[in-house]
Amino acid sequence: MMEALAFYATAALILISALGVVLCRNLVHSAMSLALSFLGVAVIYILLHAFFLFGVQVLIYVGAITVLIMFGIMLTRDVEGNLVQQTNRQHRMAAASALATFIALTYIAFQSHFNVTNATPGDSVVGIGVAFISRYVVPFEVASLVLLVALVGAIVIARDKEVD
Amino acid sequence: MFEIGLSHYLVLSAALFCIGAYGALARRNAVGVLMCFELMLNAVNINLVAFSRYVAQAVDPNLFAGHVFAALVITVAAAETSIGLALIINIYRNRDRINVDEIDLMKW
Amino acid sequence: MTTATRPRVPRGIEYNLGFFVRLGLLLGVLGGIGAATLPAIPILGYGLLAHHDSITSYVAWLFGWCQHSELVSEGIYGCGQYGLPVPLFEPAVVMQRVLGLVGLGRPPKVTVDYVVAIIASLILLHFVVISVTLIIYILRKVIGYMQARLGPMRVGPKGILQTLIDAVKLLAKEDTIPGTADKVMFTLAPVVVFIPALLVYVVVPFGDSKGFIARDLNIGILYVVAMSSITVIGIILAGWASDNKYALFGAMRAAAQLVSYEVPGVLVVLGPVIMAGSLGMRDIILAQKGGVTEWFIWSPVPLVGFLVYLISSLAETNITPFDLPEAESELVSGYNVEYSGMKFGLFFLAEFANSFTVCFVAAALFLGGWYAPPVFKLAAGLTLALSVGLCWIELPFLLRWALAASALAVCLGMPDHGWGSLYWMMLKASGLQFLTMWIRATYPRVRVDQLMEFAWKGLIPISLVYLAAVGLWAAINQK
């Protein structure tokens, strides 16, 4: 019962802050709602017994990506200010298609039959570590390459060109 | 209703994904679009981990492929956010505005 | 010639409605928490000493959830001593009778966990607030003595009440919000900075039994690092919401500093994790069991990890020489320039709570946690005795050296399990905290470009080499 309460409260938190991200006119308020939704997703990971992913989600998403987005917002201040309209020409079509996608996805989710089990999972820290070294070592190495490329690329792209 | 199962997480993930999709399509500021893109990636992660918890555990309680996939998605999301923001900053330097409506030089 | 009237300058504390509201709130909250938990202390103490070996089993017994059986299976809490006759006026019996009268009967099992969690969080809150108060006072005295002056002396005997009066002063200040600032974000920023500083205490191991750590999470050190990274958002928010260029610059610099120094800190922390084979704090301490040579400050690679962790955590908690974000002479005190009153107090509190946490974590990771091998007992005892005997000059000679001798005797005699482990953990954390105060009093502030260069070109390569060396050593020795 407590798990159900926790799930519904966290789901409400996530969805309300996601709506805040999408609908807020002030970008900084949007970014804070985004941080809140990341925290909500981290709590969902706890409910799913994914403790390592909880730590990684808070560390990377809340701690680093939110900071990155806030820096991005501050460095690209719009000259028109905060109260300008935040939706572009196609927002009605976007809303309709998003709603249609949601209905389709939930219909498919309820119609499918999965082999569900409620067994308690093992220790995910050990499991993820072993998986990264044994079966998924190539994606692990490729991910490190991706990060290196992103690091160098971001510096090269965002560098001030007046520097000789 | 009181017993949380796989379908609850799937509906949550679908809702978050669709809110993120609406935002990515409808927001005017490019950084706003990036933020909604992060919501979509989070929804995908919830989906992966929910399947890993409820379905993969039936096969083998030590099969953590969903978690591994989610960790890789987080990694790639961080990389792409940084490159995306670098691009946005560059566009801002050149054009002084980053509304996705108005940066359409390369459209047909 | 007109005679202009002088503006009325308030002398001392301006007693107005806001002051009394804030003071009343503070006293009410603290008094409420204190009143709620203070009677619990003798009850818990009696219960612990008389019957049970942990708060959990005592609360379980209190709620009637003990089973008199040999098996302690999941969800059924075993009592410490089985089959003892229960006296008639035990608080547990009284409470069960009251609950029976009210019609509640036996509360559900899960209530025990929640009550224990609430008690644990109240204990941690008290600990943080009291320790931060003491640390601020000791910091000012220590820095004063190192600078050949006396530090706070007037408020209370030897200045002991200084921090308390500082808190009252912060309450009495007018709580300003700049006119063009974003009010919600401005108020939210100190909260976002303070709450993670408290949350980290959940995994800090104060001693060796399971009752001394609030929750021994299996991702202990990852949780510590993750909570420390939430602080950056609060600082950026503070700088942004102040609507002040200097605050924004200070916040950007602070965020750059925090984010840069997180990297070597996290990399170096992985060294003990590799050696211990687990992310949990208790497991890391248990892996340092065999003596001083087993401690991770010496074990694979001597001193590098500990020093890099210490330096990067000094930078993470904005301590001189890395206190550029909040220095008064730089950018008019950086991101907290527009903050006054208790909001500023929250930033201040968060900084000191963070610095104490970091000392606990460093003691757990590198200095063997609660273990005190005989060599260390002798060294700690001698250090304590000599520092009391030689430095505490205000006391007369005989009293001073009697205290020193008793300090030596206590250190040599204190065991390192049970309540003794609490003593050793506190001693190590306090020693490290003194070291950070010493560094604070000694080094000048680094410039922002020196700061970033040191992190990216100095500490990160060193920590990568350290991590590679530890990994190689562990792979060769198959730990």
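In which segment of chain B does B:Met1 lie? B:Met1 lies in the segment before helix 1 (6–26) of chain B, where helices are DSSP runs of H or I with at least four residues, numbered from the N terminus.

## Basis of the model

This is a predicted model, in which local features need pLDDT of at least 70 and side-chain atom pairs count only at pLDDT 80 or more, while totals for chains, interfaces and linings use all residues. Residues are numbered from 1 along each chain as its sequence is written, chains are lettered from A and ligands numbered from 1 in the order in which they are written, and side-chain values use heavy atoms, with hydrogens and water left out.

## An exposed and a buried residue

B:Met1 has a relative accessible area of 71% and is therefore exposed (exposed means over 50%, buried under 20%, with a 1.4 Å probe and protein chains only). A:Ser37, which lies in helix 2 (residues 27–47) of chain A, counts as buried at 1% relative accessibility. Leaving aside neighbours within four places in sequence, A:Ser37 is in contact (heavy atoms within 4.5 Å) with A:Ile14, A:Ser17, A:Ala18 and B:Leu39.

## Contact between chains A and B

The contact takes 89 residues from chain A and 74 residues from chain B. Together the two chains bury about 7200 Å², 72% of it on carbon and sulfur atoms; buried area is the accessible area (1.4 Å probe) lost on putting two parts together, summed over both.

On the side of chain B that touches chain A, the elements that give two or more residues are helix 1, helix 2 (30–59) and helix 3 (65–95) of chain B, and helix 3 gives the most, with 22 residues.
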